[in-house]
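Let's take a walk through this protein together. Keep the viewer open and follow along as we go from one spot to the next.

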Amino acid sequence: MRDQKKIGLVLTGGGARAAYQVGVLEAVSTILCEAGWAPEKNPYDIICGTSAGAINATALACHADDFFPGLKRVVHVWENFTAEQVYRADSLGVLRSGAKWLSLLSFGWLLRTWKANPPNSLLDNTPLVSLLNRMLNLPRLDAALADGKLHALAVTASSYTAGKHMTFYQSEVDIEPWVRTQRVAIRSQIGVEHLLASSAIPLIFPATPIFCEGRREYFGDGSMRQLAPISPAIHLGADKVLVIGAGRLMEPALDQSLNAQYPSLAQIAGHALSSIFLDSIAGDIERMNRINQTLSVLTDEQRSKTPLRPIEMLTIAPSERLDTIASRHISSLPRPVRMLLSGIGGAEVRGAALASYLLFEKSYTCELINLGRKDALAHKTEILSFFSTQDTGQAENAVV
């Protein structure tokens, strides 16, 4: 049996890069089952996700009563992905959104004269609605919370309307909403609209309307303006947190021996998306490490005077550059999407960062899943220690 400390799971954003997460989670569950855990037992009291990580988080939460078999079904979805399941990738669909969007940039003054309706995004993610409705059993989530199989689920999105970062959370027990600078928590019944909002990559996918606090607001990807990705898990009661990243933390450095070329638009866009999706989690992990280190040198009396508490963290992130992996699979993208990206350098190796977020193709996602499995299995000892029933008294941090 596990100790009374609540374990939180934090799944970051990253579009197609989120395939890495399910590989890690599958290996973690395999390790735990080999150590004697029942396959149906949910290891995570609190599950939090952002962007594509919010979709994974909610899918897992829906299977909190039968966790490992449910996780296998989520892995199966990622192992058999095609871009058409997420966005319109046919010629007509791309022409209606992407080509129109690029034309607006070039001939916006003329289109405005014609009073043409501007496109909402580069790509049309309508197919994702059908996938989510097939993939999720939200009544089962309600039952898992009511039966105590799960303590809380949280997904985050960014309000274009209010300019705030919002965390929507669902819990059977009463948890007081929190308010921080530019960050607000709202207790809500998690639905498909929250996941569409959380995963709406800026400019690439359209904003999603959500009615909250009596008014309609439009939301985009939760990774935007996300200053503290680990914070929701802690506010919801986690004492230990497993963070699964989607890049940067452990990636090998780029080869800078060659003279740089002027960056393409795709290279700049990929860099911007990486800043949105990857940098905040690294900064938050550093902040948590400093807080834990500070608390470790305080006396019991001093600790009692601060609301801060030590949080044990285990962070697993890719050991290889996902941009480099994506560059090997760009040809897997549907031809209309490749043609659209080629106009801005997105079909080149140096522009692969942008493609890495859109490559919902099984050749790419399967390689990321296998990398996730390998990275998790390489740290079996740390994983078993993290999920150990023994209370070590003082929190330690492991970044792997």
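**Around Ser 51 and Asp 221**

Setting aside neighbours within four places in sequence, Ser 51 contacts Gly 13, Gly 14, Gly 15, Ser 198, Ser 199, Asp 221, Ser 223 and Phe 277. Please keep in mind that this is a predicted model.

Why start here? The UniProt record, an unreviewed entry, gives the feature "active site" at Ser 51 and Asp 221.

Where does each of the two sit? Ser 51 lies in the loop between strand 2 (46–50) and helix 2 (52–61), while Asp 221 belongs to strand 8 (residues 215–221). Ser 51 has a relative accessible area of 1%, so it counts as buried, the cut-off being under 20%. Asp 221 is buried too, at 0% relative accessibility.

Now look at the pair from the other side. Not counting residues up to four places away in sequence, Asp 221 touches Ser 51, Ser 158, Ala 197, Ser 198, Ser 199, Ala 200, Ile 201, Pro 202 and Phe 277. The side chains of Asp 221 and Ser 51 are themselves joined by a polar contact of 2.7 Å.

How many of the residues of helix 2 are buried? Ten of its ten residues are, among them Ala 52, Ile 55, Asn 56, Ala 59 and Leu 60.

One partner of this helix is helix 3. In general, a pair of packed helices is described by the angle between their axes and the distance between those axes. Here the axes of helix 2 and helix 3 (residues 67–79) come within 9 Å and cross at roughly 145°, and the crossing is right-handed. Helix 2 brings Asn 56, Ala 59 and Leu 60 to this contact, and helix 3 brings Phe 67, Leu 71, Val 74 and Trp 78.

For a last stop, turn to His 329, found in the loop between helix 11 (322–327) and helix 12 (335–342). Is His 329 buried or exposed? With a relative accessible area of 11%, His 329 is buried. Leaving aside neighbours within four places in sequence, His 329 is in contact with Leu 359, Ser 363, Tyr 364 and Glu 367.

Key:
Residues are numbered from 1 along each chain as its sequence is written. This is a predicted model: local features need pLDDT of at least 70, side-chain atom pairs count only at pLDDT 80 or more; totals for chains, interfaces and linings use all residues. Side-chain values use heavy atoms; hydrogens and water are left out. UniProt positions are given in the numbering used here, feature names are shortened, and annotations may be inferred rather than shown by experiment. Helices (H or I, at least four residues) and strands (E, at least two) are DSSP runs, numbered from the N terminus. Buried means under 20% relative accessible area, exposed over 50%, partly exposed in between (1.4 Å probe, protein chains only). Contact means heavy atoms within 4.5 Å. A polar contact is a pair of N or O atoms within 3.5 Å; within protein, one must be able to donate a hydrogen and the other to accept it, and residues adjacent in sequence count only if both atoms are side-chain atoms. Axes are lines fitted to C-alpha atoms, for helices over the stretch in contact, and angles run from 0 to 180 degrees between N-to-C directions. A crossing is left-handed if the near helix is turned anticlockwise from the far one by less than a right angle, and right-handed if clockwise.
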